[in-house]
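Please look over the structure shown below. The report that follows goes through its loops, strands and helices by topic.

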Amino acid sequence: MALPSNVQFQGRWDLEGDDRYATHWCGSSLSFQTTSRSVTLQLGSLTVSRKNYHNVLWRFGSQSVIRTSLVKGKRAMVLTPSGAGAGSTHGGEVLLDVIVMLCDWGAILQILDITATDGRPILPPAVGSPVRPMLFIGDSLVSGFSPPFRGLVLPHGSFQAFGSVVVRTLRARGKDARLEMVAYPGLQLISTEHDKGMEDIFWDGMDGVSGWEQRSKDPPEDIFICIGANDRGWGVEKDEFLRTYKAFLVRLRDSYPNTLKRIHVISPFGLFKYPSEPEDRVAVFEPDVQHMVETLAESWRQSNPEGVELFHIATDGWIDKSHTCDGLHPNTEGHDKIGARLIECLDARGLV
């Protein structure tokens with residue numbers, strides 16, 4: 001069974017294998033338009049929830065989003081308009097945008113079929129110009145995280161994470177920004193004998209699924225990476241971290257030879273030491289990462305002036321302890337501030 005060809009996928013989805021159409025990465029979404037007022041999603045057996053958290057968000061005909069908790073296995077999920085629609089028309093009827101996003105880093109979403117309940121067609125989503133595919137890589141700082149003992153700090157999960165904020169901001173400006181998120185809480189950059197780190201998971205996927213072969217069909221123009229807090233927490237040596245990070249950046253550059261324009265290395269937001277003042281921040285492998293990135297960027301410029309640009313983004317002063325739920329993980333206000341500062345960085349470089 002194949003989904004309607006007009007459905008647009010963003011993020012990592014298995015679109016061709018035996019387990020299509022499934023995603024294991026939060027931030028992954030699909031979108032389309034319809035004149036119908038009721039759409040049914042047939043969820044597949046791979047669908048898995050995580051403690052009935054904020055598994056899926058969907059929006060139908062408005063900017064209002066609805067949060068739905070998944071249940072394991074096959075079932076039908078019926079969507080109806082979440083607000084009054086407005087915009088273009090098709091056959092004299094108002095077209096409504098439909099967006100479905102997996103927002104929980106611990107869940108899996110598999111969709112076997114999408115049908116308009118009244119038989120009306122599934123149409124392509126509205127798009128802006130130019131197309132701006134963006135890839136965000138990292139740990140819980142990127143995926144968004146609600147610690148179990150803190151309740152739902154981010155009620156809408158990765159939808160509220162700063163990568164999503166950046167993409168929505170650009171789309172509001174008319175750009176066709178598209179999000180791919182490869183991020184999961186607890187990940188280190190460096191692999192160990194017990195656990196794989198992002199240096200391998202980015203290519204192999206989690207537990208061997210949703211890896212490089214399932215990468216977004218929209219190769220990124222911009223890659224944003226924020227990682228290192230877990231490496232620091234587990235005592236990884238600075239030199240090993242820098243060496244691995246450098247190799248990872250080079251491999252990323254070489255893996256997108258025709259589309260990638262920029263890589264942005266974001267300094268992790270650090271730890272706020274209790275009970276110190278909010279300004280007291282412990283940076284993560286800085287300024288060493290900055291020096292490594294700047295040196296590598298110059299080397300890339302000299303070898304290929306028209307090639308991929310590499311930037312370091314220092315985050316000192318972007319947020320303080322009050323913008324986190326536990327001194328490390330940003331809350332909603334924190335992610336909004338980080339997203340706004342990233343937009344400022346892009347504006348300053350003339351990239352938006």
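**Two glycines in loops**

In which loop is the place of Gly128? Gly128 sits in the loop between strand E11 (109-116) and strand E12 (131-138). The model is a predicted one, in which local features need pLDDT of at least 70 and side-chain atom pairs count only at pLDDT 80 or more, while totals for chains, interfaces and linings use all residues. Residues are numbered from 1 along each chain as its sequence is written, and side-chain values use heavy atoms, with hydrogens and water left out. Helices (H or I, at least four residues) and strands (E, at least two) are DSSP runs, numbered from the N terminus.

Gly128 has a relative accessibility of 28% and counts as partly exposed; buried means under 20% relative accessible area, exposed over 50%, and partly exposed in between (1.4 Å probe, protein chains only). Gly128 and Gly174 are 46 residues apart in sequence, and their C-alpha atoms are 5.2 Å apart in space. With neighbours within four places in sequence set aside, Gly128 is in contact with Gly174, Lys175 and Asp176, where contact means heavy atoms within 4.5 Å.

Gly186 is in the loop between strand E13 (176-183) and H3. At 47% relative accessibility, Gly186 is partly exposed. Gly186 and Ser140 are 46 residues apart in sequence and 6.5 Å apart in space, C-alpha to C-alpha. Residues up to four places away in sequence not counted, Gly186 touches Ser140 and Asn230.

**Backbone exceptions**

Most residues other than glycine have a negative phi, and most peptide bonds are trans. Ser210 is not a glycine, yet has a positive phi of about 55 degrees. Ser210 is placed in the loop between helix H3 (198-204) and strand E14 (222-226), and is buried, with a relative accessible area of 3%.

Phe285, also a residue other than glycine, has a positive phi near 55 degrees. Phe285 lies in the loop between E17 and H6, and at 12% relative accessibility counts as buried. A cis peptide bond, with omega about 10 degrees, joins Glu286 and Pro287. Pro287 lies in the loop between strand E17 (281-282) and helix H6 (288-303).

**An open antiparallel sheet**

Five strands form an open sheet in the order E1-E3-E10-E5-E6, with antiparallel pairing; two strands pair if DSSP finds at least two bridges between them. Strand E1 (8-10) and strand E6 (66-68) stand at the edges with a single partner strand each, so one side of each has no neighbour in the sheet. From one strand to the next, the twist averages 20 degrees.

Within this sheet, strand E3 (residues 29-34) and strand E10 (residues 96-102) pair in the antiparallel sense over six bridges. Phe32 has Val98 as its bridge partner in E10.

Strand E15 (residues 262-266) is mostly covered, as five of its five residues are buried. Arg262, His264 and Ile266 point one way from E15, Ile263 and Val265 point the other way, and all are buried.

E14 and E15 pair in the parallel sense over four bridges, and Ile225 has Val265 as its bridge partner in E15. E15 is also joined by five bridges to strand E18 (residues 309-313), and the two run parallel. The bridge partner of Ile266 in E18 is Ile313.

**Packing of H2 and H7**

Two packed helices are described by the angle between their axes and the distance between the axes. The axes of helix H2 (residues 162-172) and helix H7 (residues 332-348) come within 8 Å and cross at roughly 55 degrees. That makes H2 oblique to H7: angles under 35 degrees count as roughly parallel, over 145 as roughly antiparallel, 65 to 115 as roughly perpendicular and the rest as oblique. Axes are lines fitted to C-alpha atoms, for helices over the stretch in contact, and angles run from 0 to 180 degrees between N-to-C directions.

The crossing of H2 and H7 is right-handed, meaning that the near helix is turned clockwise from the far one by less than a right angle. On the H2 side, Phe162, Val165, Val166, Thr169 and Leu170 make the contact. H7 contributes His335, Asp336, Ile338, Gly339, Leu342, Ile343 and Leu346. By class, the contact of H2 with H7 has eight nonpolar, three polar and one charged residues. Ala, Val, Leu, Ile, Met, Phe, Trp, Tyr, Cys and Pro count as nonpolar, Asp, Glu, Lys and Arg as charged, and the others, Gly among them, as polar.
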